[in-house]
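Trainee: I have a model open and want to learn how to read its local features. Can we go through a few?

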Amino acid sequence: MSARILVVDDIPANVRLLAAKLSAEYFEVLTANDGPSALAVAAAKSPDLILLDVMMPGMDGYEVAQSLKADPKTRHIPVVMVTALSDANDRVRGLEAGADDFLSKPVNDIALFARVRSLTRLKVMMDELRLRHMASGQIESSEDVVGSAADVQPGRILLLESKDILAAEVTGYLSEAGHIVERARTGEEADKLLDAAAPDLIIVNLRLAGEDGLRLCSQFRSKDITRHVPILLIINPDDLEELAKGMDLGVTDYLIRPFDRNELLARTRTQIRRRRYHGQLRDLLDKSVSMAYTDALTGVYNRRYMNAHLDRQVMEIADTRKSVSVIMLDLDHFKDVNDRHGHVAGDEVLKEATRRISANIRDFDMVARYGGEEFVIVMPNTDLDIATSVAERLRQSLESKAFAAVEAGTSITVTASLGIATTSDPMETAESLLKRADNAMYAAKRAGRNQVCAAEAECGLDSSGTFALAP
Ligand SMILES: [Mg+2]
C-alpha cells in the first residue's frame, strides 16, 4: 500500500526533511509552501493524509484545516497538525478546526510513522466503504457515509491499568467526553469483561504491575473477540524500543506519558472511527445489503456485485493513480471432488475454501465467488509484490490442511491455481484486468497447478515444486 501524503510548511527545509523521511518509507509525497496552494493540491490530487504546519504567514494551519473540512471534496482527508507549540490551547484550536491528530516539532520518527500508518489505514478503509456503498447503488456519492472526526459517537473502552490514580485520570477524561470506560487491573479481569461484548477500543498501560503489557496486546490480537479491536498503548518516554515491538504485534497507536486530555481524546476518537468503519464494512457483508449481491452458498459477494465494484475501483485510477490488483483463484480438479465424494461434500469444500480465503485477506480486500469453483479477490491500492504475497498466502492456506469430507473418516486435499493482474493505467478496463488475471490463472494450471502466476510472466514449477513465479 503506498499512501499519498501532502506535506505543508512555509519553511522549505522542513518540507524537505519530512518529504525525505516519508519517501524513504515508500510513501508518495506532495508538497505545498502555503495555505492556498495546500488547498489547491488537496483538491486536485486527493492525498490520503495531510501533514499541516500551524504557523504560516498569511493563511495559517487552522484556517487551512477549516477550509479542508468545509469542502465536501476534501473533508474526508485526515489532517495532522504539526506544531512547535506544546500549549494545550493550540491543540484545542486544532481540534476545533477539524484536525484529526497532532505531531510536535521536531518530529520524532516513531511518532511520525505511527500517526501516518494509523491514519492512512483508516483512510483506505473509509474509501473502500464509500466505494462499496456506491457499487451497491445505495447512494450516488458517498460524502456522508464517512462523517468528519467531530461526528464520532462515543464508544465502549476497555482500560487495562493497574495503578488507581492513573486509571482515575484516564477514566475521568474519557467519561467527560461521553465514552463508557470499563477498567481492568489485570489480564484476567480484562478477560472477564470481554466475555460480554467486544469494546470499541482497548487502552493498555505497557507497564502493568506484575504483568507484561505487550504479551496482553499480543493475546488480544489472537482472540476472535478482540482481533479487530484497535489497541492504544500508554508508554513512558524511555519505552520506545518496546513500543516498536508493540507496533509489530498489532498495537494501533500509542500515547507517551505525560499526555494531555486533548491528545488522549483525539487518539481515542481516531481509533473508534477506525473500529466503526471496519464494523460497517463487515456489516455490509454480514447482513448483505441485499441478497442480490451475495452468493447463496458461500455468503461472499457474487460476480455481479464484484463487477460493479471493480469498475469503480478501476475508474478511480484516473484520479488516484494507484494500483489495483486482482487475483483469480480456481480450485484444482474440483470436478473430481464432486465425482468422488458427491455434491454435498463439494459444497462443504467450497464453503471451507471461502472461509480460508476470507481469513487470509486484509480488511479492505474483497472476495467474490466468480463462478463454480472460481473466486476473485479485488485488492485496492495494492502493487504486484504485495498481491503476490497475498496470493501465495492463499495458496498455502488451502494446501496446508486437508478439508473434512462429509463421509466419516475421509478428508480431501484441495489446492488452487492463482493468477494475478495489476494495473495503474487509467485506460485499462475492469474487463481487461480480469481477463489478464484469468489468463495468468490458466498459465498456472498449465504449469502444473497449485501455484501462483502473475499476468504476462512466465510460469512453471521451480525446483521445490511449490512456488512458481518466474522473474
Ligand atoms: Mg511554519
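Predicted model: local features only at pLDDT ≥ 70, side-chain atom pairs only at ≥ 80, totals over all residues.

Trainee: How do I describe two packed helices, and what are the values for α12 and α13?

Mentor: Two numbers describe such a pair: the angle between the axes and the distance between the axes. Here α12 spans residues 334-341 and α13 spans residues 343-359. They pack at an angle of about 140°, with axes 7 Å apart.

Trainee: Are α12 and α13 oblique or roughly antiparallel to each other?

Mentor: Roughly antiparallel needs an angle over 145 degrees. The angle here is about 140°. So α12 and α13 are oblique to each other.

Trainee: Which residues of α12 and α13 meet?

Mentor: From α12, take V337, N338 and H341. They meet H343, A345, G346 and V349 of α13. By class, this contact has three nonpolar residues, four polar ones and no charged ones.

Trainee: Next, the peptide bonds. Which residues does a cis peptide bond join?

Mentor: Look at omega. P106 sits in the loop between β5 (101-104) and α5 (109-135). Another cis bond joins R257 and P258, with omega about 0°. P258 belongs to the loop between β10 (253-256) and α10 (261-288).

Trainee: Now phi. Which residues have a positive phi although they are not glycines?

Mentor: H333 is one, with phi of about 50°. E456 is another, at about 65°. H333 lies in the loop between β11 (324-331) and α12. E456 is in the segment after β17 (452-454).

Trainee: Last one: where does D383 lie, and what is D383 in contact with?

Mentor: D383 lies in the loop between β13 (374-379) and α14 (384-399). Because D383 has 17 C-beta neighbours inside 10 Å, D383 counts as partly exposed. For contacts, leave aside neighbours within four places in sequence; D383 is then in contact with S323 and T422. Check S325 too. S325 and D383 are 58 residues apart along the chain, yet their C-alpha atoms are separated by 6.5 Å.

Terms used: Residues numbered from 1 in each chain as written. Axes fitted to C-alpha atoms, helices over the stretch in contact; angles between N-to-C directions. Helix = DSSP H or I, 4+ residues; strand = E, 2+ residues; numbered from the N terminus. Parallel < 35°, antiparallel > 145°, perpendicular 65-115°, else oblique. Contact = placed C-beta atoms within 7 Å. Nonpolar A, V, L, I, M, F, W, Y, C, P; charged D, E, K, R; others polar. Buried ≥ 20, exposed ≤ 12 C-beta atoms within 10 Å, placed from the backbone.
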